[in-house]
Amino acid sequence: GFAGEADIILIPEVPLDYEKIISKLRKERAMGKNYSLIVVAEGAQVETGKVYQTQESGKENLLGGLTDHIMNQITKQTGEEFEMRTVVLGHTQRGGAPNADDRILAQQFGVAAFQAVLEGNFGKMVRLDGTKVDLVSLAEAVAELKVVSPDDQIVAKGRALGIEFGD
């Protein structure tokens, strides 16, 4: 959301508020902007909690269902005031084209993973800790939920509310 200069970013850590979203969309329209980009994180919370979409296989997931739900709620509250479209990004689109730093890091991760296999050091994953590439146990890696930092939450909330920082 930040890198793509989204107008509104919806994340699990910041409660969703349709009135504020609609107000921001109307404000941008009044300023002559003919589109707005809303980025919705998987797991973002809405008034009913998490929204799931059932696949043909019967498996439920968050992809698509949440965004469709949000669009339906905005349409329900505004009528046909806004034309909306959904794009579900795949893993390739999320990451973008790698730069030199990405390629070097990938090589370092590959070497560390290969070294771990040679040493029989299983049940671990490669990580970047500051500037150091090392291994961490899978249990430690998933022990706690990784959340958006409070500072980034402020920026995301500001984007959701239409607050411009640095003015």
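1. In H1, the buried residues are Tyr18, Ile21, Ile22, Lys24, Leu25 and Glu28. Buried here means under 20% relative accessible area, exposed means over 50%, and partly exposed lies in between, with a 1.4 Å probe and protein chains only. These residues lie on the same side of H1 because they cover an arc of only 160 degrees around the axis. That arc is taken from the directions from the helix axis to the C-beta atoms. The face turned away from the buried side of H1 carries Glu19 and Ala30, which are exposed.

2. A word on the basis. This is a predicted model, in which local features need pLDDT of at least 70 and side-chain atom pairs count only at pLDDT 80 or more, while totals for chains, interfaces and linings use all residues. Residues are numbered from 1 along each chain as its sequence is written, and side-chain values use heavy atoms, with hydrogens and water left out.

3. The chain has six helices and six strands. Helices (H or I, at least four residues) and strands (E, at least two) are DSSP runs, numbered from the N terminus. Along the sequence the pattern reads β-α-β-β-β-α-α-α-β-β-α-α. Of the 167 residues in the chain, 25% are buried.

4. Next, the geometry and ends of H1. The helix has 13 residues and reaches 18 Å from its first C-alpha to its last, close to the 18 Å expected at 1.5 Å a residue. The expected span is 1.5 Å times one less than the number of residues. At the start of H1, Asp17 brings a side-chain oxygen to within 3.0 Å of the backbone nitrogen of Glu19. Just after H1, Gly32 has a positive phi of about 95 degrees.

5. The largest nonpolar core has 12 residues: Ile8, Leu10, Leu16, Tyr18, Ile21, Ile22, Leu25, Ala44, Leu66, Ile70, Ile74 and Phe82. Strand S1 (8-10), helix H1 (18-30) and H2 each give two or more residues to this core. H1 gives the most, with four. A nonpolar core is a set of buried Ala, Val, Leu, Ile, Met, Phe, Trp, Tyr and Cys residues joined through side-chain atoms within 4.5 Å. In soluble globular proteins, nonpolar side chains tend to be buried together.

6. Which residues does Ile22 contact, leaving aside its neighbours within four places in sequence? They are Ile74, Gln77, Thr78 and Phe82. Contact means heavy atoms within 4.5 Å.

7. Thr78 belongs to helix H2 (residues 65-78). Thr78 counts as buried because its relative accessibility is 12%. Its side chain reaches the backbone oxygen of Ile74 at 2.8 Å. Beyond its neighbours within four places in sequence, Thr78 is in contact with Ile22 and Arg26.

8. Strands S5 (residues 124-129) and S6 (residues 132-137) pair in the antiparallel sense over six bridges. Two strands pair if DSSP finds at least two bridges between them. Val126 has Leu135 in S6 as its bridge partner. S5 and S6 form a hairpin with two residues between them, and Gly130 in the turn has a positive phi of about 70 degrees.

9. Val147 sits in the loop between helix H5 (138-141) and helix H6 (150-161). Is Val147 buried or exposed? Val147 is exposed, at a relative accessible area of 52%. Val147 and Glu13 are 134 residues apart along the chain, with their C-alpha atoms separated by 7.3 Å. Across the chain, 52% of contacts between residues at least 6 apart in sequence join residues at least 24 apart.

Methods:
Polar contact = N/O pair within 3.5 Å; in protein donor to acceptor, adjacent residues only side chain to side chain.
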